[in-house]
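Here is a set of questions and answers for someone meeting this structure for the first time. Each answer sets a value beside the cut-off that gives it its name.

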Amino acid sequence: LRRAKQADIMLLPLPGVVASSIPTIQWPLGPSSYPPLYYEPLEALVEKRPATGAPIDIIAQDVTGAVSLLAPPDEGTAAEARRHRAATSVALLLLGDGLADEAHDLVTPLSWPEETHFGHGRPVYSTAPPEVVAEASYVHQLVHRREGFNVGEYGMIGFGNANYWANAAMKFRGSESLPMRAVREGVLR
């Protein structure tokens, strides 16, 4: 079944700016990789973060443009789902390169039903396909895992908030494709 699904996937070349950001992803996380989150909009984060010269800086300076590179604006439900998945993909790149706030800003409107002052775009939680919400919730939990022991939203430490999002991700159709299901099943054996 997995092979059949993989055979149906059409691989497209990645835009240069995206492809050049992949080798700089830091995983697994190191001991100094648990920064607190600012919970500010993308525009404020651009001003707050100094450019380092890394390829990810290009994406961080124009997150919306990076999402559009992966899923050009188009009409229809399928195009909207592609844009949501592109936002989740860009969030993973940003998170892997240490930009947890920017990643958080992208996945929050996909995984949380209410407006926030930092979320990038209007909430689409109630209208997005369930598998898109599951994927965004999964990335949301990775963001808060990276937050670690720092106190963040609602007075929760990052690890506690990550547990909330991991459970949220598992509730949606499409969550069976998320890597954490296999991890959870392995731990429970």
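Q: What makes the meeting of the side chains of Glu135 and Arg85 a salt bridge?

A: In this predicted model, the side chains of Glu135 and Arg85 come to 2.9 Å, N to O. A salt bridge requires a side-chain nitrogen of Lys or Arg within 4 Å of a carboxyl oxygen of Asp or Glu, so the pair qualifies.

Q: Why can the pair of Glu135 and Arg85 be said to tie together parts of the chain?

A: Glu135 lies in helix α8, whereas Arg85 lies in helix α6 (residues 77-96), and the two parts that the pair ties together are therefore 50 residues apart in sequence.

Q: What makes Lys48 and Glu40 a salt bridge, and how accessible are Lys48 and Glu40?

A: The closest N and O atoms of Lys48 and Glu40 are 3.4 Å apart, which meets the requirement of within 4 Å. Lys48 has 37% relative accessibility and counts as partly exposed, and Glu40 counts as partly exposed at 24%.

Q: How many salt bridges does a search of the whole structure find, and which residues are linked in a network?

A: The search finds 5 salt bridges, and Arg49, Asp101 and Glu102 are linked in a network of them.

Q: How do helix α7 and helix α8 pack, and at what angle?

A: Helix α7 (residues 100-111) and helix α8 (residues 130-147) pack at an angle of about 145°, with their axes 9 Å apart. In passing α8, α7 makes a left-handed crossing.

Q: What makes up the contact of α7 with α8, by class?

A: The contact has 8 nonpolar, 6 polar and no charged residues. Among the residues that make the contact are Ala103, His104 and Val107 of α7, together with Ala136, His140 and Val143 of α8. Ala103 and Val143 count as nonpolar because Ala and Val are in that class.

Note on methods
Residues are numbered from 1 along each chain as its sequence is written. This is a predicted model: local features need pLDDT of at least 70, side-chain atom pairs count only at pLDDT 80 or more; totals for chains, interfaces and linings use all residues. Side-chain values use heavy atoms; hydrogens and water are left out. Axes are lines fitted to C-alpha atoms, for helices over the stretch in contact, and angles run from 0 to 180 degrees between N-to-C directions. Helices (H or I, at least four residues) and strands (E, at least two) are DSSP runs, numbered from the N terminus. A crossing is left-handed if the near helix is turned anticlockwise from the far one by less than a right angle, and right-handed if clockwise. Contact means heavy atoms within 4.5 Å. Buried means under 20% relative accessible area, exposed over 50%, partly exposed in between (1.4 Å probe, protein chains only).
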